[in-house]
Amino acid sequence: MRGEVLHYDQEQGFGFIAGADGKRYSFAREDLPREMALARGAEVEFQPNGERAGNVFSVRARMTGRAEGAAPAATAPLAGSAPAAPAHFGRNAENGTAESTGLWSYFWRGLTTNYVNFSGRARRKEFWGFCLFWTIGLVVAIGVGLSVDLSRSDVGGGGDEPIVMFGLFGLYVLLTILPSIALIVRRLHDLGLTGWLAILCFLPYVGGLATLVFALIPTQAGDNKWGPVPVGVRF
């Protein structure tokens with residue numbers, strides 16, 4: 001599979017690749033054929049194995065090796081045709097191939113691809129987008145449950161306890177607790193902090209304040225050990 005290097009730390013011996021399938025893969029020094037420096041944006045070929053990239057090769061180096069000793073064939077563009085645009089992945093991809101940075105997109109990915117993703121980084125917009133639609137979903141769940149409870153009470157003379165509302169409320173929180181914790185951890189990574197500080201967000205009295213502080217601090221400039229700067233961040 002082809003991809004584009006998002007980040008490679010020569011000293012630490014690890015990095016990330018944005019694959020042509022839209023997913024991000026991690027790789028280490030041992031996945032390279034030899035000790036070589038990979039700059040951000042370099043086009044590579046690799047073998048995906050889960051979330052890990054193996055047998056990483058630089059496309060330019062491979063093409064240079066194949067063409068050694070032989071003159072490259074010149075190809076002229078067809079008349080009236082536009083020159084082919086270079087393929088880009090990840091942060092350099094255009095709309096349609098890059099991951100969307102809309103608020104709903106962040107929320108949807110939080111419940112799907114990032115459901116238990118505790119690695120990588122999450123910008124402020126991703127955090128607030130998830131919180132916005134999480135709150136909307138909670139209000140809808142409570143409203144539906146309360147409507148059902150009221151209709152049961154009117155029709156069958158049921159009890160006064162809003163059983164359905166509490167049930168939907170508990171189910172909604174249970175289904176979204178893991179992606180919420182994962183999001184807080186990625187937000188901390190984006191600040192250059194350890195994800196274990198997420199424990200502060202669940203402490204009585206100080207949890208809400210800690211969450212608000214972590215949500216308001218700007219993204220750390222540059223790459224850190226948890227990955228490159230999130231897509232869409234401008235300094």
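Two strands pair if DSSP finds at least two bridges between them. Strands β2 and β3 of this predicted model pair in the antiparallel sense over five bridges. Within that pair, Phe 16 stands opposite Ser 26 in β3.

**Hairpin of β2 and β3**
- Strand β2 covers residues 14-19, and strand β3 covers residues 24-28.
- Four residues lie between the two strands.
- In this hairpin Gly 22 takes a positive phi near 90 degrees.

**Annotated spans**
- An unreviewed UniProt entry places the feature "transmembrane region" at residues 127-148, 163-185 and 197-217.
- Residues 127-148 are 100% helix and 0% strand. The end C-alpha atoms of this span lie 32 Å apart.
- Residues 197-217 are 48% helix and 0% strand. Here the end C-alpha atoms are 14 Å apart.

**Nonpolar cores**
- The largest nonpolar core has 16 residues. Those with the most contacts inside it are Phe 127, Leu 183, Ile 184, Leu 188, Ala 198 and Phe 214.
- Helices α3 (124-156), α4 (163-190) and α5 (207-216) each supply at least two residues of this core.
- Helix α4 gives the most to this core, with five residues.
- Leaving out residues up to four places away in sequence, Phe 214 touches Arg 187, Leu 188, Leu 191, Leu 193, Leu 197, Leu 200 and Cys 201.

**Tyr 205**
- Tyr 205 sits in the loop between α4 and α5.
- Tyr 205 is not a glycine, yet its phi is positive, at about 75 degrees.
- The relative accessible area of Tyr 205 is 85%, so this residue counts as exposed, the cut-off being over 50%.

**Asn 224**
- Asn 224 is found in the segment after α5.
- Asn 224 counts as buried because its relative accessible area is 10%, and the cut-off for buried is under 20%.
- The side chain of Asn 224 makes a polar contact with the side chain of Gln 220, at 2.9 Å.
- The Asn 224 side chain also reaches the backbone nitrogen of Trp 226, at 2.9 Å.
- Not counting residues up to four places away in sequence, Asn 224 touches His 7, Phe 14, Arg 121, His 189, Asp 190 and Gly 192.

How values were computed: Residues are numbered from 1 along each chain as its sequence is written. This is a predicted model: local features need pLDDT of at least 70, side-chain atom pairs count only at pLDDT 80 or more; totals for chains, interfaces and linings use all residues. Side-chain values use heavy atoms; hydrogens and water are left out. UniProt positions are given in the numbering used here, feature names are shortened, and annotations may be inferred rather than shown by experiment. A nonpolar core is a set of buried Ala, Val, Leu, Ile, Met, Phe, Trp, Tyr and Cys residues joined through side-chain atoms within 4.5 Å. Buried means under 20% relative accessible area, exposed over 50%, partly exposed in between (1.4 Å probe, protein chains only). Contact means heavy atoms within 4.5 Å. A polar contact is a pair of N or O atoms within 3.5 Å; within protein, one must be able to donate a hydrogen and the other to accept it, and residues adjacent in sequence count only if both atoms are side-chain atoms.
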